[in-house]
Amino acid sequence: MSRTLADERQADVIIVGAGPGGSAAAYHLAAAGVDVLLLEKSAFPRDKICGDGLTPRAVRQLIAMGFDLDEPGWQKNKGLRIVGAGHRLELPWPELTSFPSYGMVRTRMELDEILARHAQKAGARLMERMNVTGPVLDERTGRVIGVTAKPVDERGRKAGDEITYSAPIVIAADGVSARMATALGIERRENRPMAVAVRAYYETPRHQDEWMESWLELWTGEPGKSDLLPGYGWIFAVGDGTANVGMGLLNSSKGFQDVNYRDSLTRWLANTPEEWGFRGDTNLVGKIGSAALPMAFNRKPHYTRGLLLVGDSGGMTNPFNGEGIDYALEAGHMAAETIVQALARPEGAGREQVLQGYAAHLDQEYGGYFTLGRVFAKMIGNPMFMKQATKYGLPRPTLMRFMLKLMANLTDPRDGDAMDRVINGLSKAAPRA
């Protein structure tokens with residue numbers, strides 16, 4: 001039976017933004033039989049500035065969504081190669097019962113569309129080029145009961161009249177801009193770390209490297225004889241003839257506001273071997289771009305008045321390593337599970353109590369860990385701290401294996417080894433973020 005126009009503008013759940021978090025939520029909701037409307041302001045394929053790295057946390061979510069990661073296009077990796085202070089240390093992803101022992105790389109140009117189409121196949125109603133302009137509030141209760149949106153053309157210009165879409169529950173997965181959250185007065189918390197990621201693609205013979213590579217020292221000139229840049233770098237093989245090459249800069253770094261990101265990236269890459277192809281514009285594919293990374297729950301509450309925040313809109317980037325895709329996927333899954341249970345209850349106090357559980361679940365899962373990450377982010381914002389930590393830490397493989405587990409948040413919650421127990425204990429003891 002075909003839908004009427006009124007039916008098309010109503011749903012059980014509306015999701016704003018078809019990035020990893022929004023599409024994951026849409027998939028899990030649709031798979032559970034929920035009528036979900038997924039609104040995306042762009043048209044696929046579309047790019048996002050990102051390192052494109054998927055840790056085993058993210059891989060676990062992809063497996064749970066039914067993806068065949070042996071298909072072409074998924075670039076598997078064994079672990080992390082760390083470079084600094086004259087050392088190169090290869091650390092395999094840990095063998096755990098909770099997570100697979102491999103990571104992946106897939107460009108956001110491809111990944112986001114794959115996830116959105118997967119949700120669409122599961123039954124989600126995906127509408128592209130639909131720019132959500134704000135929430136619709138119940139005049140009596142102040143509760144979110146829908147959104148307003150404008151159709152836009154390929155350049156983002158208005159292409160039709162504003163439309164109102166209605167649903168009793170809305171997920172804001174609208175990225176760092178967090179327009180839905182700010183419309184409800186949920187402001188950014190200034191005492192949470194922010195970072196900027198600057199990224200480029202280069203054609204390179206290293207495009208099939210089996211390790212994700214992280215550089216802990218970024219020199220402005222000759223290594224050891226010039227200044228250290230306040231950040232860390234990465235080289236992630238994409239497998240298609242290119243590598244994603246970038247650097248992250250924390251706002252705890254001195255001079256954060258004054259750094260020329262493109263210049264900093266090119267100065268670091270000028271010190272890499274010429275045969276890698278990371279110098280100048282000859283092998284550069286596309287443009288160098290940058291984007292903000294909101295970290296450590298920099299926007300709360302994650303649920304209020306019928307609106308759930310997922311991904312960057314709720315500051316869900318890991319302050320230890322700048323990884324956000326895995327937490328967006330996990331939060332999207334959590335949001336979907338919460339909503340399925342909430343919709344099984346009649347409107348009122350019972351349903352509201354279930355929805356409040358989403359924010360509590362996030363705090364329980366990540367709150368203490370993100371607090372530890374905030375302390376870590378403050379320390380590594382000092383280039384001299386990074387220099388000393390790299391000098392004395394990298395020669396100690398056991399310490400570095402511990403740091404890999406800590407920074408990537410990869411532990412078994414029960415029956416883990418001594419490292420797992422220490423990390424889990426620290427996370428539980430730390431105040432919630």
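**Figure 1. Alanine 296, a buried residue with a positive phi.** Alanine 296 has a relative accessible area of 0%, which makes it buried (buried means under 20% relative accessible area, exposed over 50% and partly exposed in between, using a 1.4 Å probe and protein chains only). A quick note before going on: this is a predicted model, in which local features need pLDDT of at least 70 and side-chain atom pairs count only at pLDDT 80 or more, while totals for chains, interfaces and linings use all residues. Residues are numbered from 1 along each chain as its sequence is written, and side-chain values use heavy atoms, with hydrogens and water left out. Look for alanine 296 in the loop between S17 and S18 (helices are DSSP runs of H or I with at least four residues, strands are runs of E with at least two, and both are numbered from the N terminus). Its phi is about 55°, a positive value, although alanine 296 is not a glycine. Most residues other than glycine have a negative phi, and most peptide bonds are trans.

Figure 2. Lysine 300 and proline 301 are joined by a cis peptide bond, with omega about 5°. Arginine 305 isn't a glycine either, yet its phi is positive, near 50°. With a relative accessibility of 30%, arginine 305 counts as partly exposed.

**Figure 3. The cis bond at proline 45.** Here the cis peptide bond is between phenylalanine 44 and proline 45, and omega is about 0°. Proline 45 belongs to the loop between strand S2 (36-39) and strand S3 (53-54).

**Figure 4. Helix H2, largely enclosed by the rest of the structure.** Eleven of the twelve residues of H2 are buried, so the helix is largely enclosed. Among the buried ones are Gly21, Gly22, Ala24, Ala25, His28 and Leu29. The cover over them includes strand S1 (13-16), S2, H3, H4, strand S12 (169-172) and H7. End to end, the C-alpha atoms of H2 are 16 Å apart, which agrees with the 16 Å that its twelve residues should span at 1.5 Å a residue (the expected span is 1.5 Å times one less than the number of residues). After H2 comes glycine 33, with a positive phi near 90°.

**Figure 5. H2 packed against H4.** Helix H2 (residues 20-31) and helix H4 (residues 108-122) pack with their axes 8 Å apart, at an angle of about 20° (axes are lines fitted to C-alpha atoms, for helices over the stretch in contact, and angles run from 0 to 180 degrees between N-to-C directions). The two helices are therefore roughly parallel (under 35 degrees counts as roughly parallel, over 145 as roughly antiparallel, 65 to 115 as roughly perpendicular and the rest as oblique). The residues of H2 that meet H4 include Ser23, Ala26, Tyr27 and Ala30, and their partners in H4 include Asp112, Leu115, Ala119 and Ala122 (contact means heavy atoms within 4.5 Å). By class, this contact has nine nonpolar, two polar and two charged residues (Ala, Val, Leu, Ile, Met, Phe, Trp, Tyr, Cys and Pro count as nonpolar, Asp, Glu, Lys and Arg as charged, and the others, Gly among them, as polar).

**Figure 6. H7 alongside H8.** The axes of helix H7 (residues 325-343) and helix H8 (residues 349-380) come within 8 Å and cross at roughly 155°. That makes H7 roughly antiparallel to H8. On the H7 side, Tyr327, Glu330, Met334 and Leu343 are among the residues in contact, and on the H8 side so are Arg351, His361, Tyr366 and Phe370. The contact is made up of 14 nonpolar, three polar and three charged residues.

**Figure 7. Arginine 57 and tyrosine 366, in touch with each other.** Arginine 57 lies in helix H3 (residues 56-64), while tyrosine 366 lies in helix H8. Both are buried: arginine 57 at 6% relative accessibility, and tyrosine 366 at 1%. Leaving out residues up to four places away in sequence, arginine 57 also touches residues including Phe99, Asp326, Ala408 and Leu410. With that same exclusion, the neighbours of tyrosine 366 include Phe297, Tyr327, Glu330, Met334 and Asn409. Asparagine 409 follows H10, and its phi is positive, near 55°.
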